[in-house]
Amino acid sequence: MPCVDVLIRELFSSMCGISGIWERNGCRLQDLKRRASAMTQTLSHRGPDDSGVWLSEQASIAFGQRRLAIIDLSPMGHQPMVSASGQYAITFNGEIYNFRELRAELERCGVRFRGNSDTEVIVEGFAQWGVKSTIARLNGMFAIAAWDAGERQLFLARDRMGEKPLYWTIFDGLVLFGSELKALRAHPGWKPSLNRGAIAAFLQHSYVPSPFTIYEDVYKLPPAGFVKIASAGGPEVGAYWDLAGVVSQGQSNPLQADEEGLVDELEALLHDAVSRRMIADVPLGAFLSGGYDSSTVAALMQNASLRPVKTFTISFENPTFDESKHAEAVARHLGTDHTTFPVSGADALDVVPKLAEMYDEPFADSSQIPTHIVSALTRKHVTVALSGDGGDELFSGYGRYQSTANFWRPRAKIPLALRRLVSSSICAVPPSTYNSIARYVPHFRRVPRVGQKAHRLAQILSMSSINSVYYQVLSQNQDNLVKGSQEVRTACWGRNLEILLPEPVDRMRYLDMCTYLPDDILTKVDRASMAVALEVRVPFLDHRLVEWVWKLPSFHNARARRPKHLLRRVLARHVPDHLVERPKMGFGIPLADWLRGPLRNWAEDLMDEACLSAGEIFHVEAIRSLWAEFLNGDTERDFLIWNILMFQAWHRRWGDASVADTETRRLASLLD
């Protein structure tokens, strides 16, 4: 049964963002159009080139899309798009890197194409192979919504590693979805309440873990997530690809090649992943920090290019955070067209008031600030940038993996009962008592917040597995600051990972791939870059590469050898070791100095007792005490303080739907 639809094309002067509504109880076409247009307009920053809304009056469903044109800049790439048969409609955010192979396969099946976009390949694939089968064939980053008019079913899907976001909810017969929460908020039927367990989890981790959101009954589609929603009843939620299954299969069938052969295989995979992500009809470049990951991406890009590749980095006044000299040395060796953007402290501080708008769910990885700055400056030169994100999770690059394993091994030999006895003895003394005793210790030997640290050590001693220890390593120990809350936990923490991954370092990087990578790193990159309509592509997250890495024997990736051993060997074929051999710096900012200095007034306002009391969310006195300790020089809780401030800034902007959504409601009225 073909779609009976209306396709409305609206060109705005102002990357891609998608949204949609399904009014399962019915809706007038005029109301449907107005609501869909308002939802889509909230995402204009993600797609400045084009805007479209598709409507089906018969089904009371609407799709919207804001487009950043990357491939097929002609009107034939316009979205939403309907299949030639009329059965399927699609709205799609992302890029498909194997669309040309899929197109050729469809053409052999007799499909005739009207344009050259990857979107058309997807929607015609739906008609030929079915929705789930087509999505399983895709190599790319994507969030997709598809409507099957024949079966009257809505499908939602997200890429395997979680590069592109997709939020969704169902209540009172209404289905809403969008690339960002602000799109859902624009609908007049929006009425969820805050999820206190998600707030507690946010304070612990600096992000809200998937599939939860800051709101009750509103969800993030997890990586490789697939949802089918019919005209009645609840959703069918599942996955079309499973990282745990990939890991299990890889562990059961490890690669047998010698090290030189493995380096050859890895370089070939990386070269193909990078080359595919260089396909674009717009200017393209790369972020370059001078570390192993970004240098490998830049080197392989330059190897695949006939002219100098554009590379970009930022420089800071504070040498502790400045990587620009390392990046410039690598760029000179590779012969890239390199640009270093000097960034002052004032430039960075200017970003802070914009964060609540940019991240319309609480988010507090402080590297969000330099990530946005480098994205904004890079966007002045190119439309697409490749990054080295994901390399640390793939190749055991974080120092915390080995340090946690080294900490745990000797303590795990002590009987659990004895460790718990010692733990309870330590915790029998309040932290304040330890701190009072510490005042009699000479200043140069005094440990700050010794009481709190003693209690945290005791907590770790009482744990039964390294999984629990690692959870503490990744947490801010927020001390139950949220009233009436129990922190939400993702399913991956509850799995029997000791059987799946006996090697502790492998286990930790698996947990990061399931949680920290999609919910922190990739969320940060998506929002920071999409705010300025820059598309960022991540070659290390090509699913073929991920599957290959999990076939490596642990010796190559997780044990005593230097971190990223195989990756370093690939890079050494292009860049001399001495240009990249240095301690890992990260992408940080002088957070504590700023909060005690130029951001003090901003922070004081958000930490005001009346402000903290809004919504009866927090134990206010506990937070005020933390803030006072921080101002007095506490060096241990600056990230927890930043988490609280980011929640407060978000809550002021978005938390009260009756106040915060005035602008999106205004858009709806203007489009009426």
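Guide: The model is predicted. Its largest nonpolar core has 169 residues, and I369 and W642 are those with the most contacts inside it. The element that gives the most to this core is helix α31, residues 638-655, with ten residues. Leaving out residues up to four places away in sequence, W642 touches V352, L355, A364, D365, S366, Q368, I369, L591, L595, L599 and W602. A second, separate core has 21 residues, among them W54, F63, A145 and W147. In soluble globular proteins, nonpolar side chains tend to be buried together.

The sheet comes next. Six strands form an open sheet with antiparallel pairing, in the order β5-β6-β7-β8-β12-β13. At its edges are β5 (81-82) and β13 (236-239), each of which pairs on one side only. Strands β6 (residues 88-96) and β7 (residues 140-148) are joined by nine bridges, and E95 has M141 in β7 as its bridge partner. Helix α3 (residues 118-129) packs on the sheet and touches β5, β6 and β7; the direction of α3 makes about 135° with that of β6.

Finally, R527 belongs to helix α22, residues 516-530. R527 counts as buried because its relative accessible area is 4%, under the 20% limit. The side chain of R527 makes polar contacts with the side chains of Y167, at 2.8 Å, and D526, at 3.0 Å. Beyond its neighbours within four places in sequence, R527 is in contact with R46, P165, Y167, S179, E180, M358 and Y359.

Technical notes. Residues are numbered from 1 along each chain as its sequence is written. This is a predicted model: local features need pLDDT of at least 70, side-chain atom pairs count only at pLDDT 80 or more; totals for chains, interfaces and linings use all residues. Side-chain values use heavy atoms; hydrogens and water are left out. A nonpolar core is a set of buried Ala, Val, Leu, Ile, Met, Phe, Trp, Tyr and Cys residues joined through side-chain atoms within 4.5 Å. Buried means under 20% relative accessible area, exposed over 50%, partly exposed in between (1.4 Å probe, protein chains only). Helices (H or I, at least four residues) and strands (E, at least two) are DSSP runs, numbered from the N terminus. Contact means heavy atoms within 4.5 Å. Two strands pair if DSSP finds at least two bridges between them. Axes are lines fitted to C-alpha atoms, for helices over the stretch in contact, and angles run from 0 to 180 degrees between N-to-C directions. A polar contact is a pair of N or O atoms within 3.5 Å; within protein, one must be able to donate a hydrogen and the other to accept it, and residues adjacent in sequence count only if both atoms are side-chain atoms.
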